Amino acid sequence: MTLSRLAPYLQATPLTLILAAFLVLPIATIVMVSFWDYDSIQIFPAFVFTNYEETITSPVTWNTYINTFKYTVIVWAVTLFVGFWVAYYLAFHIRSTTMQMVLFLVCTIPFLTSNIIRMISWIPFLGRNGLLNQTLMGMGVINQPLEFLLFSDFAVVLAMVHLYTLFMVTPIFNTLMRIDRALVEAARDAGANGWQILTNVIIPLAKPGIAIGSIFVVTLVMGDFITVRFMSGGQSASVGLMMANQIALLQYPAAAANAVILLIIVLLLVGGILRIVNIRKEL
Amino acid sequence: MTKKTTSKGVSRRQLLKGAAAAGGLAAGAGVVTGFPTIWAQNPITLRQFGTGVSNLNAIAEKCKADLGITLQMTALDSDAVSQRVVTQASSFDIADIEYWICKKVFPAGTLQPMDVKKIKYYDDIVPIFTTGKLTPESKIAQGTAPNTVGFVEGPESKVFAKAPTQWMTLIPTIYNADTLGIRPDLVGRPIKNWKDILDPAFKGKTSILNIPSIGIMDAAMICESAGIMKYGDKGNMTKAEIDGTIDFLIKTKKAGQFRAFWKTFDESVNLMASGEVVIQSMWSPAVAAVRSKGIPCVYQPLEEGYRAWGGGLGIAKHLKGAQLDAAYEYINWYMSGWVGAYLNRQGYYSAVLSTAEKNMTPDEWAFWMLGQPAKADILSPEGKVMYTVGAVRDGGSFKERMGAVACWNSVMDEDRYMVRRWNEFIAA
């Protein structure tokens with residue numbers, strides 16, 4: 001075998017090793033532990049299905065998954081809507097490339113702080129005696145503070161949209177920038193109006209970006225636990241939060257089983273997205 | 001959220017180390033004797049971790065000055081503490097854990113029992129931790145009472161003994177009686193019972209804590225007070241009792257009685273200080289923190305009594321030789337008064353009261369321990385004014401508060417089932 005035939009394997013080796021050590025091995029461990037048994041003190045090697053049984057047969061799991069899906073769908077829809085229009089504006093309405101980059105960087109400014117800080121800063125704003133309520137009451141719009149603003153599903157969705165919209169903007173902006181402007185002109189010359197251009201030319205061409213953004217948002221929301229905990233004031237559950245509670249009580253096998261189920265579901269979701277859209281076009 | 005405090009060795013220590021090494025060289029292979037303490041030739045570092053309450057920098061500094069032992073402290077939440085004791089046994093030397101955690105982790109065999117003969121102040125320890133009775137007449141409270149997990153049967157044993165033996169699992173250090181915190185300016189009526197948290201007037205303005213093993217106890221106190229449930233032992237419920245309690249919690253949650261569930265100290269402070277809630281489960285330093293912002297907050301004594309907790313120091317299994325001796329010396333020092341006074345001044349209680357009293361002024365002692373009005377301003381250990389002249393401690397004296405304990409923080413036999421149901425409550 002010549003060196004030239006070996007070279008690609010050698011080039012791939014470092015990444016393979018890193019992925020094997022830090023991705024494949026931990027996941028294999030999680031899968032293994034998910035079949036172990038446990039009591040309140042320790043876990044024992046075993047091969048039991050009780051962890052899966054208890055997880056799958058419990059209505060709590062189903063309710064929690066439904067709740068997590070609810071967040072995922074709402075957050076996905078809102079971030080897609082907001083993200084697409086931000087990207088559209090940046091790509092088609094801002095003429096100079098410099099200005100585009102400046103405005104794009106402006107979008108990333110919130111990300112200069114940690115996401116915990118961004119999330120927690122909503123609390124004094126939305127609270128019963130928070131800025132928003134006080135302002136509205138001062139203006140005479142409402143007589144009583146709006147309680148649904150904080151520690152509610154509304155607050156969770158708001159914080160997630162705030163945290164994750166940029167993950168939608170970036171890939172969509174990227175695909176929109178690659179669209180050949182001649183195509184838009186051709187469509188116009190052929191008599192298409194603005195709406196037709198959007199639905200027949202731009203959106204189909206933006207699909208890979210939309211898919212990539214969707215994968216980011218869906219996986220982030222499905223795995224989130226800290227946003228749900230802080231913004232719902234501990235009143236709502238998510239799959240991640242359920243696992244965090246189990247880990248806190250040393251119920252590692254149960255948490256591992258949960259993690260495996262979540263992993264499978266998220267992979268299915270991602271697989272579904274990839275079936276619909278060929279993101280290779282993007283690459 | 002891990003805070004690490006490391007005190008670096010001082011030059012005096014290095015000097016001694018150097019001197020000791022030189023001494024060793026001079027003596028050659030001969031027998032080296034006559035060192036003042038073993039710490040001089042071999043500087044000792046003890047790695048201690050535990051919940052934030054007693055992992056205090058001031059204690060590490062004073063320990064360094066008095067004993068020459070360097071304490072490396074790590075503060076974690078109680079869940080992380082139990083995990084670490086079980087899963088990372090070699091990562092610590094001293095575990096500062098609560099008694100209910102002890103019940104959970106001691107059988108894992110990563111801690112070693114301590115010989116009470118080496119504990120200088122053993123006979124002076126508050127009897128809550130040995131016989132379980134504050135006074136000979138008092139009843140042992142429900143839950144994981146410290147005396148039930150305070151001893152094991154022998155030096156190698158993992159089985160908790162029913163009565164005091166020579167082998168102690170934890171040396172008690174710090175404990176307190178918990179109750180509900182209220183905003184007296186916002187509740188608008190006297191609060192007397194645990195059930196008052198269910199008052200429709202406080203709809204959407206209450207909170208309980210979301211640490212299952214502690215939250216379920218507060219919930220049980222509330223249910224029992226409201227006459228919804230009767231318990232054989234609130235600290236060790238049957239499945240039916242757990243079901244009844246959780247079902248009631250879910251109903252109450254759906255009716256919108258709770259504003260939030262908190263998990264960390266600062267969350268509870270913020271909920272109260274911002275007026276999001278007016279009555280909730282609380283820990284005493286959180287009440288002090290709300291007050292220090294100039295916002296009125298009372299740690300309300302209630303008729304049904306308190307939910308108590310206690311912690312202690314345990315020694316890791318792997319300690320031996322000089323390190324083990326140092327650990328005993330540290331523990332004996334811990335109980336010799338300075339630390340006790342420090343903890344008492346924070347509103348907690350220390351395990352050996354007689355030595356702590358000698359380190360406090362008579363006025364401080366009267367205020368904190370006897371429940372008498374302050375004759376002068378009461379200062380925190382850092383020197384900030386906590387109470388002004390004439391103030392009285394919420395709940396009164398040590399005997400009144402610790403004598404009215406209804407239940408200790410605990411871990412139940414049906415722990416696994418309880419957690420599942422608790423998750424259901426949070427998900428509901």
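At what angle do the axes of helix H9 (residues 265-273) and helix H10 (residues 284-292) of chain B cross, and within what distance do they come? The structure is a predicted model, in which local features need pLDDT of at least 70 and side-chain atom pairs count only at pLDDT 80 or more, while totals for chains, interfaces and linings use all residues. Residues are numbered from 1 along each chain as its sequence is written, and chains are lettered from A in the order in which they are written, with ligands numbered from 1.

The axes of H9(B) and H10(B) cross at roughly 45° and come within 9 Å. Axes here are lines fitted to C-alpha atoms, for helices over the stretch in contact, and angles run from 0 to 180 degrees between N-to-C directions. H9(B) is therefore oblique to H10(B); angles under 35 degrees count as roughly parallel, over 145 as roughly antiparallel, 65 to 115 as roughly perpendicular and the rest as oblique. Phe265(B), Ser268(B), Val269(B), Met272(B) and Ala273(B) of H9(B) meet Ala286(B), Ala289(B) and Val290(B) of H10(B). Two residues are in contact if their C-beta atoms, placed from the backbone, lie within 7 Å. This contact has seven nonpolar residues, one polar and no charged, where Ala, Val, Leu, Ile, Met, Phe, Trp, Tyr, Cys and Pro count as nonpolar, Asp, Glu, Lys and Arg as charged, and the others, Gly among them, as polar.

H3(B) contributes Cys63(B), Asp66(B) and Leu67(B), and H11(B) contributes Glu329(B), Tyr330(B) and Trp333(B). Four of the residues in this contact are nonpolar and two are charged, with no polar residue. Helices (H or I, at least four residues) and strands (E, at least two) are DSSP runs, numbered from the N terminus.

Chain B is divided into domain 1 (3-7 + 34-176 + 308-358) and domain 2 (180-304 + 397-427), with bounds from an automatic or database domain assignment. The C-alpha centres of the two domains lie 28 Å apart. Contacts link 19 residues of domain 1 of chain B with 18 residues of domain 2 of chain B. On the domain 1 side, H5(B) supplies the largest share, four residues.

Between the chains, 29 residues of chain B are in contact with 23 residues of chain A. Eight residues of the chain B side come from H16(B), the largest share. By class, that side has 13 nonpolar, seven polar and nine charged residues.

Chain A has 13 helices and two strands, and 32% of its 283 residues count as buried (20 or more other C-beta atoms within 10 Å of the residue's own; exposed means 12 or fewer, partly exposed in between, with C-beta atoms placed from the backbone). Phe151(A), in the loop between helix H7 (131-138) and helix H8 (153-178) of chain A, has a positive phi of about 55° although it is not a glycine. Most residues other than glycine have a negative phi. Phe151(A) is buried, with 28 other C-beta atoms within 10 Å.
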